Structures are given as C-alpha cells and as structure tokens.
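Take a look at the model below.

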Amino acid sequence: MFSVIKRSYFGADLPTEVRVFNTNHVIIMISLFAATILSMILMPQTKATLILIFTLSLGVITFFEANRTGRYTSCSVVMSLVFNFLLIPSVFFYYNSLTCCIPIYGVLAIVYTIFLIRGKWGFILVTIEVIWQLCLFAVGYRYLEFHP
C-alpha cells in the first residue's frame, strides 16, 4: 500500500517539479494537521482552528486536484495566495504580530512560492508577497504597543 502511494506521488519516473510539489504539500499538510491539533489543545479558540482546518482542507484538495489534472502551477498559486494573504495575516494579527514566530512563517510561505511557481507569474507573485509581508511587519512594528 505504502509503496503504491510512494511510486504514484514520488516515483523516479515523475518530473522533478511534480515531486517537489508533492513533497512540499505533504510537509505542509502534516504541519497544518499538527498545528490544528495543537491549536485545539493549547489555545482552544474557534477562529484560529477554523482557519487552520480551512487551509488544511484546501491543501488536501489542491494536492489531489493537481495530481489528478496536472495543473500544478495553478494549485500552487491558490495555496500561495491562501497562505500569504489569508493564513499568515490572520494569524499575524490574531497572535500578537511580531512577538511570536509568524514573520518566519511569512518568509517560508514566500520560499514556497519561489520553489513551486516559475516564470513571469512566479516573479510577480513573489514581488507582491514580499511587499505584503513588509507591510505586515511595518504595521505590526508600528502598533506593537497595542497588543498585549
């Protein structure tokens, strides 16, 4: 069973881009699953848990949809937009902005985009994401005194 899954999603006959996409998505899904469980245990707040469950569900959907249709770039764009413009900003402001490790996750989300989206759209998306993250950091730094 495990060897069939390994061969169909990570086999040597698959292109490198597909294996990178699948590896990144599996790591993201495992991380989001762990974050969802830890969020329910350590900080039982409905908003954060719902955001994590939504992002995890979208990760699973885009993983299987990309492998079914071969539209890896469009699924990567969807996940990149969700990470950088929904998940990271909401968690950034919900959990005390700069005082927790959210800026690191913003950088990792940009690295995700760099790995998976090539060409003109990758450059445009990375540029927008870097400007967005810098704006988030500036707002978080400017209004740090308003957070507990």
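## Cysteines

This is a predicted model. Its count of disulfides is zero, where a disulfide needs two cysteine sulfur atoms within 2.5 Å. A disulfide is a covalent bond that joins the sulfur atoms of two cysteines.

How exposed are Cys75 and Cys135? Cys75 has a relative accessible area of 8%, so it counts as buried, the cut-off being under 20%. Cys135 has 42%, so it is partly exposed.

Helix H4 covers residues 72-94. At 1.5 Å a residue, its 23 residues should span 33 Å. The C-alpha atoms at its ends are 31 Å apart, which agrees. H4 also bends, by about 35° at Phe83.

Helix H6 runs through residues 119-142. Its 24 residues should span 34 Å at 1.5 Å each, and the end C-alpha atoms lie 35 Å apart, so the two values agree. Which residues of H6 are buried? They are Gly122, Leu125, Val126, Glu129, Gln133, Leu136 and Gly140.

## The second largest pocket

Rolling a probe the size of a water molecule over the atoms shows where empty space is left. The second largest pocket holds about 170 Å³ of space. Helices H2 (16-42), H4 and H5 (102-116) each give two or more residues to its lining. H2 supplies the largest share, five residues.

Among the lining residues are Thr16, Phe21, Tyr72, Ser76, Phe115 and Arg118. By class, the lining has seven nonpolar, three polar and two charged residues.

Definitions and conventions:
Residues numbered from 1 in each chain as written. Predicted model: local features only at pLDDT ≥ 70, side-chain atom pairs only at ≥ 80, totals over all residues. Heavy atoms only, no water. Helix = DSSP H or I, 4+ residues; strand = E, 2+ residues; numbered from the N terminus. Expected span 1.5 Å × (residues − 1). Bend = angle between axes of the 7 residues up to and from the residue. Buried < 20%, exposed > 50% of the residue type's maximum accessible area, 1.4 Å probe, protein only. 1 Å grid on protein atoms, 1.4 Å probe; cavity = no way out; pocket = protein on both sides within 12 Å on 5 of 7 lines; lining within 4 Å. Points joined across faces, edges and corners; volume = space filled by probe spheres on them. Nonpolar A, V, L, I, M, F, W, Y, C, P; charged D, E, K, R; others polar.
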